[in-house]
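Please keep the coordinates open as you go through the points.

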Amino acid sequence: MDFYSLVIVLLVILITSMMANYVKLLLGKSKLPPGPTPLPIIGTLHLINFNDIVKSLLDLSKKYGDIFTVYEGSKPVVVLCSYKAIKETLIDKAEEFSGRAYRPSFSDFTKGDELGFSNGEKWKELRHFAMLTLGNFGVGKQSFEERVRVEAGYLTETLRKANGSPIDPNYHILRSVSNVICSVVFGSRFEYEDENFQRIVECVQDNFRVMSSRWGVLFDIFPNIMRYIPGPHHAIMENFTVIADFIRLKMEDNMKTLDSNNPRDFIDCFLIKMEKEGKNKATFYNTNTLVMNSLILFFAGTGVSSTTLRFTFLLLMKHPNVAEKVYKEIEDVIGQRPPSFEDRYNMPYTEAFIYEVQRFSNVAPLVPQRELTMDTQVRNYIIKKGTAVSPVLTHVHKDKTQFNDPEKFEPNNFLDENEKLRKKEYFMPFSVGKRICPGKNLAVMELFIFITTLLQNFTFKSPVPPEKISVTPVGVAFVNVPPNFEICLIPRARSEK
Ligand code: HEM
């Protein structure tokens, strides 16, 4: 056979197999919830605006209902686009919806050797261990508060040095928030000037940025093509490598000085567990899962909380009246002593403010895709095990039946007519169901202590008029990334009460 005939034969085989796959996909479509007809190769991606994926999904839900199917290439994804849809699935069928779909930007690096992107027994075991260990270090309890307070104090002192002149607070926030989870994972905080520490937190932030850009999104959808195309998405693996190398060195240090009766941090606890597992060949505890679990806790614990705090700064500048109301409550309830997490019970406006920051900034607009762990009935459809599911939290947080003007920042959304805190089922920044964020208790405490400490010490002023401050996220996929900004933190005069 000559060269041209060979090329023609190969092309015919390729086109036939593509057509066969496409026909299979169309046949499968009728068994899934409704949705737009997919095209060969790209699926329904032509209907998605990569600068605002969430908006495209919300628009599609207007036409196809609150449970519908889109196609990432040939992969069907069932989208859950209302509180009702999320409740019927993630909550009412929690076990069935507890899987996590393969996500190249994480899974290619961690190989599912950690609790965020693993499944089955491995996920259950690693998640249970992580939550138990966080609990043993007092996370979410009073004993942990002191660490958070100390860190908020360091941040205050660092910010005070600017003496009210405009600064970009981004890296200060990032390092300080990161130190809280570092104190659990690595047993101690780091000096803000520590260059290795600076490098790893910057890697976290860079990955959040790239993963939320169209490059990161395309990499997650077409990994087999994007791996060979140059672009910023390659930084994701490089950044993870820097963080993992750092953790590996810490692990080696810990191994040399380990005292099994006196674990200092998450790494020590993991090493002790490894020892206990001994020669058990089926164990999930090995040096690789140690590094990857430490990495995922450090990564999630640094990135999402610091992003929320950056939005808090922006919103405090944009809404000086709200900031003053929160401050007034701090003055009345806490005065000038250090805040305690228990104070929140007497501070409904401050709590409502923090809830509203989380609702409005909606830092995790799309829950990382879940995956069905078994064939499951959803309304009139039997959806197959292994199908990817994408819950859209934006719909819940911007639901007009629950929030008067959802696009407006309004802490009163979480207050009743007696100005008492009103909790809402439609508030789920940490998601719901079996994979609900395991860092929730830590994050809630962290946000309260940081925000009250900073407001106790500073008036938040913007160098530009409040109406010119943009709070529109610049990246909207993995997380909502806030725009860069400058702030003047004017030290408050210390009054004797
Ligand atoms: C304001 C701060 C935070 C927010 C808004 C947040 C939000 C979320 C959301 C929406 C998920 C997805 C859950 C799902 O699949 O349904 C998640 C998962 C996760 N978060 Fe957080 N998170 C925050 C802080 C933290 C912290 C401080 C840690 C570390 C202690 C952490 C560790 C994780 C991990 C490991 C997962 C994966 C859990 C699993 O797959 O089982 N997060 N988070």
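This is a predicted model: local features need pLDDT of at least 70, side-chain atom pairs count only at pLDDT 80 or more; totals for chains, interfaces and linings use all residues.

1. Every value below is computed from it.

2. **Largest pocket.** The largest pocket holds about 740 Å³ of space. Its lining is made up of 27 residues, and those closest to the centre are Val54, Leu58, Thr394, Lys398 and Glu407.

3. **Who builds the lining.** Four elements each supply at least two lining residues: helix H2 (53–64), helix H15 (348–361), helix H16 (393–397) and strand S9 (475–476). H2 gives the largest share, with six residues.

4. Lys398 and Glu407 are both among the residues closest to the pocket centre. They also form a salt bridge, with the closest N and O atoms 3.8 Å apart. The cut-off for a salt bridge is 4 Å. Glu407 is exposed, at 58% relative accessible area. Lys398 is partly exposed, at 21%.

5. **A pair within H2.** Lys55 and Asp59 make a salt bridge at 3.0 Å, N to O. The two sit four residues apart in helix H2, so about one helical turn separates them. Lys55 is partly exposed at 46% relative accessibility. Asp59 is partly exposed too, with a relative accessible area of 35%.

6. Arg227 and Asp108 form a salt bridge, their closest N and O atoms lying 2.9 Å apart. Arg227 is in the loop between helix H10 (223–226) and helix H11 (235–257), while Asp108 is in helix H4, so the pair ties together parts 119 residues apart in sequence. Arg227 is partly exposed, at 32% relative accessible area. Asp108 is buried, at 19%.

7. **The wider count.** The model has 28 salt bridges by the rule used. Asp66, Lys84, Glu88 and Arg379 are linked in a salt-bridge network.

8. Where does Glu114 sit? Glu114 is in the loop between helix H4 (104–110) and helix H5 (120–136). Glu114 is buried but has no salt bridge. Which side chain of opposite charge is nearest to Glu114? That is Arg435, 6.6 Å away. A salt bridge needs the atoms within 4 Å. The Glu114 side chain does reach the backbone nitrogen of Phe117, at 3.1 Å.

How values were computed: Residues are numbered from 1 along each chain as its sequence is written. Side-chain values use heavy atoms; hydrogens and water are left out. On a 1 Å grid over the protein atoms alone, a cavity is a set of points where a 1.4 Å probe fits but cannot get out, and a pocket is an open set with protein on both sides within 12 Å along at least five of seven lines; lining residues have an atom within 4 Å of a point. Grid points are joined across faces, edges and corners, and a volume is the space filled by probe spheres set on the points. Buried means under 20% relative accessible area, exposed over 50%, partly exposed in between (1.4 Å probe, protein chains only). Lys and Arg count as positive and Asp and Glu as negative; His and the chain ends are not counted. A polar contact is a pair of N or O atoms within 3.5 Å; within protein, one must be able to donate a hydrogen and the other to accept it, and residues adjacent in sequence count only if both atoms are side-chain atoms.
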